[in-house]
Amino acid sequence: MTSPEKIIHNGFTIYTYGQPADPHVVIEQMSRGEIIRDKGRGGIRLLSVDGKKMACRQYLHGGLFRAITGDRFCSEKRALDEAGILCYLAENGFPVVRPCCVVAERAGIAKRLYLITEFVQDASDLLDVWRMTSGIKRFRIIKSLAGLFRTLELLGIYHPDLHINNILLTGQGKLVFLDFDRARKKAVTTNDMEKMFRRLDRYMEKQKRRGDITLDMRDKIFFLRVYQKLSGCDILSRMEKQFKTRAFLNRIGWIVESFLYGGNR
């Protein structure tokens, strides 16, 4: 994996990947760039560094920790791990955004963390595309998505929280993945793949429950059949029986989230 260059500047530690960045410009843009708030938990900030458009995402704790620790972390490890995974995937031809910088801002004894990546032009969120597609076009997206999950498995990447809101569809019809926070490199098992598919299903069902998308069992079965054909694993029979039970458990989780965070992810 690509090793970053480390720069310390006015309470910030900047780890750069590829072309070195001017720390003055990076820090200035982080405070002045346009914020798109409907992207992820805290939104993303658009930066312009050396004439290139970039996206800056701040790390926030999830689950119960979000209410306690918010945006404070003990070290840069979480952000550096994700940047390393992105570099590894890009170097192996997997369609991801390339990391530009990891930034750690001193906050007392803790740190605030940011990941700055390339900005993908002429692309739409896959969730937005899903809302407007059906039939053959939707099946093509599902087929591509299942194939990329198989590629992740072969590359040995397990992602516990992968869902389509962190995937783009370019104007050329290619999928590009954005977020590998808490992903790790390991020997990926069939059980790992089931967990990834269940997380994906949970997110999709949540959007369906809110009335944001349409989703039926035919979409799910097609996805699993494509993956099954590519992997040789009988994933379909393993997962079909779980859908109803998981749907019930997911509804309980959504109720808890709504009490804690007002329904926002």
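How many helices and strands are there in the chain? There are 9 helices and 12 strands, where helices (H or I, at least four residues) and strands (E, at least two) are DSSP runs numbered from the N terminus. Keep in mind that this is a predicted model, where local features need pLDDT of at least 70, side-chain atom pairs count only at pLDDT 80 or more, and totals for chains, interfaces and linings use all residues. Residues are numbered from 1 along each chain as its sequence is written, and side-chain values use heavy atoms, with hydrogens and water left out.

**Inside the chain**
- Of the 265 residues, 50% count as buried (under 20% relative accessible area, with a 1.4 Å probe and protein chains only).

**Aromatic pairs**
- The structure holds 9 aromatic pairs, meaning rings of Phe, Tyr or Trp (its six-membered ring) with centres within 6.5 Å; planes under 30 degrees apart count as stacked, over 60 as edge-to-face and the rest as tilted.
- Phe 149 and Phe 223 are edge-to-face because their ring centres are 5.7 Å apart and their planes are at 90°.
- That pair links distant parts of the chain, with Phe 149 in helix H5 (residues 135–155) and Phe 223 in helix H7 (residues 217–231), 74 residues apart.
- Phe 223 also pairs edge-to-face with Phe 197, at 5.1 Å centre to centre and 90° between the planes.
- Phe 197 sits in helix H6 (residues 190–209), 26 residues from Phe 223.
- Phe 197 counts as buried, at 3% relative accessibility, and so does Phe 223, at 7%.
- Phe 149, Phe 197, Phe 223 and Tyr 227 make up one aromatic cluster.
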